[in-house]
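Subject: Structure for you to look at

Hello,

Here is the structure I promised to send. Please open it first, then read my notes below.

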Amino acid sequence: CAPECDSNFSLVPVETTTPHNGTYLIKHLRRLLRVQRPDFIFCVHEEGIPALTQVVLWRFLFCRSAKLVYFTMSAFPRGYRVKRLTLREALKWLYFSVTWWVVRAGTDAAVCHYPAIEQELRKAGYRKPVLVQTQYGVDSDTFRPNPEVGNRIRKELGLSGTVIGFCGRLVEEKGVWDILAAAK
């Protein structure tokens with residue numbers, strides 16, 4: 001995707017490495033932050049994955065004054081309640097502990113999906129602002145069906161019958177293939 005700009009903002013989409021269980025990184029982020037020097041960064045990544053840690057660290061080095069807000073949809077494992085840990089569990093605990101410390105120290109606010117996550121964040125020591133936003137939505141007064149425009153676009157594209165729009169990553173977990181199978 002190409003950057004989108006107007007006189008008030010610039011929105012720059014970024015490419016990631018191949019996702020595997022949420023363990024991906026953002027390509028060219030260091031260079032992008034050095035060149036763009038953003039005032040605000042909205043990171044839509046789970047706090048436990050490397051991408052958010054990467055954003056926090058590069059932001060600290062290249063655009064420290066930028067405000068960094070991250071979005072999370074799930075509670076983050078913040079520790080183990082067992083007396084003895086295996087080496088694997090100890091390494092996992094260390095990874096989560098360091099990552100959580102980086103997120104707590106390196107972000108300015110969080111946006112989460114529901115109140116229970118806010119409670120978990122608070123219990124785990126997150127003292128910065130947390131906004132509970134159950135789902136992203138649209139202004140239905142502004143964005144509503146317009147049959148004239150829809151018919152014109154269908155005609156221009158030569159479309160007929162049922163048309164399904166999709167905006168997202170073309171990966172199995174998003175359900176695109178399920179929609180195609182159901183449409184048959």
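How many helices and strands does the protein have? There are six helices and six strands. Keep in mind that this is a predicted model.

Fold order first. Starting at the N terminus, the elements run β-β-α-β-α-β-α-β-α-β-α-α. Of the contacts with a separation of 6 or more, 54% join residues 24 or more positions apart.

Now confidence. The average pLDDT is 81, and 84% of the residues score at least 70. Among the elements, strand E6 (residues 130-132) has the highest mean pLDDT, 92. Strand E1 (residues 4-5) has the lowest, 66. Where pLDDT is low, the predicted coordinates should not be read in detail.

Next, the interior. Buried residues make up 26% of the 184 residues. The largest nonpolar core has 25 residues. Those with the most contacts inside this core are Ile41, Val55, Tyr70, Trp100, Leu121 and Tyr126. Elements giving two or more residues to the core are helices H1 (29-36), H2 (50-62), H3 (87-106) and H4 (115-123), along with strands E3 (40-43), E4 (67-72) and E5 (109-112). H2 gives the most, with five residues.

Take a look at Ile41. Leaving out residues up to four places away in sequence, Ile41 touches Leu33, Val55, Arg59, Cys63, Ala66, Lys67, Leu68 and Val69.

The accessible surface comes to about 13,800 Å². Carbon and sulfur atoms hold 58% of that surface.

Best wishes

How values were computed:
Residues are numbered from 1 along each chain as its sequence is written. This is a predicted model: local features need pLDDT of at least 70, side-chain atom pairs count only at pLDDT 80 or more; totals for chains, interfaces and linings use all residues. Side-chain values use heavy atoms; hydrogens and water are left out. A nonpolar core is a set of buried Ala, Val, Leu, Ile, Met, Phe, Trp, Tyr and Cys residues joined through side-chain atoms within 4.5 Å. Buried means under 20% relative accessible area, exposed over 50%, partly exposed in between (1.4 Å probe, protein chains only). Helices (H or I, at least four residues) and strands (E, at least two) are DSSP runs, numbered from the N terminus. Contact means heavy atoms within 4.5 Å. Accessible areas come from the Shrake-Rupley method with a 1.4 Å probe; for residues, only the protein chains shown count as cover. pLDDT is the predictor's confidence in each residue, from 0 to 100.
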